[in-house]
Amino acid sequence: MCGIVGYAGPAPASDRPLNVVLAGLSRLEYRGYDSAGVAVASASGLAVCKRSGRLTNLTAALEADPLAPGISAMGHTRWATHGAPSDVNAHPHLSADGRVAVIHNGIIENFLELKAQLAARGITQRSDTDTEVVAQLLGVELADGTAATLTEAMLHVVARLQGSFTLVALDGQDPATVVAARRNSPLVVGLGNGENFLGSDVSAFVGETDRALEVGQDTVVVMTATNVKLLDFAGNPAQGREYTITWDAKAAAKDGYATFMDKEIHEEPHAVEETLRGRLVDGHLALDEMRMDPALFRSVDKIIVIAAGTASYAGQVARYAIEHWCRIPVEVELASEFRYRDPVVSEKTLMLAISQSGETMDTLQAMRHAHEQGAKVLCICNTYGSSIARESDAVLYTHAGPEIAVASTKAFVAQIAAAYLLGLYLAEVRGNKYPEEVAGYLEELSRMPGRIEKVLEQEESIRALARTMKDKTSFLFLGRHVGFPVALEGALKLKEVAYVHAEGFAAGELKHGPIALVEPGLPVFFIVPTPRRPELHNKVISNVQEVRARGARTIVIAEEGDNAVTDYAEHVFRVPLGTPTLMMPMVTVVPLQIFASEMAAQKGYDVDHPRNLAKSVTVE
Ligand code: M6R
């Protein structure tokens, strides 16, 4: 939640600091879009501009009333927590004397107490935010001489804060220095040539440099054009870990597509290919980066998957495969619920955290709880250097590239691919499958990108159907076995981007209640299993008939050549013949994603930035 960009450049002042920050904000807008603001520091002090609403409101204001050139700058795109999305609540916030500006991602939990302490000194807040107290506290430190520099002030102030925060601050009297701090919220440094960058993630400065520095928990960053110094909260020197950014600027651009969501759906074959790349060596699994003792995998007696939203549905898909291949019980738990039910976790439990952003606070807190109980945590993650990746005992990266649209699409299929690699690795290490059996599954996995391409060929007919249904206000999605999590994901996609009431159910549950919702004209999607699994297929076909008999409009995702569906389906979209049952979700989800995207576009909604949502949810 909230996107943060910072920049420190050389004197003399120029427009580059503001331009870098605005470009970074446009790539980070997926993190929040309730308001946006910038501050530029120069020898003449600070200049600030902020506006509620989308970034375009800010850029229009800057065009009308340009800011003076600067040496350093910072920018913020907000997902509101404390205080409505308004100009006054937009970041940056200023100290009472206007000397210090602050942007913030996270929540200052003790802000009321701090606000009261400031009020006792006669300093009142202009905004309703929790953030403003930080600007005020920094300002007081410098004004009364308690701190000689912004860095010193930051070290004093972070010691008084409770909660989670990434803070970036500028001092109008020291325009060459940008000071930041992080606890439980993301921050990464970009190392440039004669200039340096800060961001919530590397998309903030992708294309400017390919050198990044991971910033650990509880760290203060002091950045100028030529120097980056890290300190722990006690003021002692700290170390960051440098790594190379593999994402390029093109990956963070729409590249001719109308929306990032559309682009990312089309990137799914590539996302799966990249996730498998280098991990299949001569038909065998090479997961060198796991760096966990194979003995530990042999001792595991239970796996608990923790994740949120779409990632949790990828986890539900993974359960079918891992239990089938490895004969280990797998539980899938919503991260936000996990630690509140006093879960039974031991050193023989393997926790599997799944997260695209690597910053989802619910998942991070669930992981921490599991760690405290002695469990090892392995994560499947798309974002290098993210908090979840850093705090896991081992990481299996999905190499899906940056996912910008708030609605997750390519990350879902890549997460399934990665979870399957893990399942096969476990099966081999634990002796559940012979290497040649594993090689057979890997061969099938490597065919999945081509199979997804085949489904994408039906894009136009899926969009055409969505255009005819744009006024429908309610949808059902039904699936059995691995089709069940796909049904849940289809419903989530439609809800989040098209704001339509949609429910996903296990097809077998239909008769236990949801069938009461079926009325003439209700659109119902079915994810039909392959006829090669008649015990699954026949039952879902019966469900299709049951809702058809009640006048519903049936839209069916079925395998090529499955003619049993045609008499009862108003529309059929096909997935390639021969796709193994466990791999079906990677293809059956594609029509549902396209359908949701087109429904949102038809209704005139901002497909990439659905209302009230943010891409990475860094609050609990
Ligand atoms: O970054 P994560 O994978 O941890 O995010 C988890 C969910 O917040 C995310 O999947 C969310 O449900 C998406 N908006 C779904 O499209």
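Start at phenylalanine 595. In this predicted model, Phe595 touches Ile462, Leu465, Ala466, Met469, Phe475, Leu494 and Phe525, leaving aside residues up to four places away in sequence. Phe595 belongs to the largest nonpolar core, which has 125 residues. Phe595 is among those with the most contacts inside that core, along with Val38, Ile303, Leu378, Leu445, Phe475 and Leu494. Which helix gives the largest share of this core? Helix H13, residues 410-429, with 14 residues. Apart from this core lies another, of 31 residues, including Ile108, Phe111, Val158 and Phe165.

Back to Val38. Val38 sits in strand S2, residues 35-42. Eight of the eight residues in S2 are buried. In a regular strand, side chains alternate between the two faces of the sheet. Here, Ser35, Gly37, Ala39 and Ala41 point one way, while Ala36, Val38, Val40 and Ser42 point the other way. All of them are buried.

Now the neighbours of S2. Strand S3, residues 45-52, runs antiparallel to S2, joined by eight bridges. Alanine 41 has leucine 46 as its bridge partner in S3. The two strands form a hairpin, with two residues between them. Strand S4, residues 72-78, is also antiparallel to S2, with seven bridges. There, histidine 76 stands opposite glycine 37.

Last, the ligand. There are 14 residues around it, and Ser355, Gln356, Ser357, Thr360 and Glu496 come nearest. Serine 355 places a polar side-chain atom 2.6 Å from a ligand oxygen. Glutamine 356 uses a polar backbone atom, at 2.6 Å from an oxygen of the ligand. For glutamate 496, a polar side-chain atom lies 2.3 Å from a ligand oxygen. How much of the ligand does the protein cover? 91% of the 410 Å² of accessible area that the ligand has on its own.

Conventions. Residues numbered from 1 in each chain as written. Predicted model: local features only at pLDDT ≥ 70, side-chain atom pairs only at ≥ 80, totals over all residues. Heavy atoms only, no water. Core = buried A, V, L, I, M, F, W, Y, C linked by side-chain atoms within 4.5 Å. Buried < 20%, exposed > 50% of the residue type's maximum accessible area, 1.4 Å probe, protein only. Helix = DSSP H or I, 4+ residues; strand = E, 2+ residues; numbered from the N terminus. Contact = heavy atoms within 4.5 Å. Near = heavy atom within 4 Å. Polar contact = N/O pair within 3.5 Å; in protein donor to acceptor, adjacent residues only side chain to side chain. Areas by Shrake-Rupley, 256 points an atom, 1.4 Å probe, with all protein chains shown as cover. Pairing = 2+ DSSP bridges.
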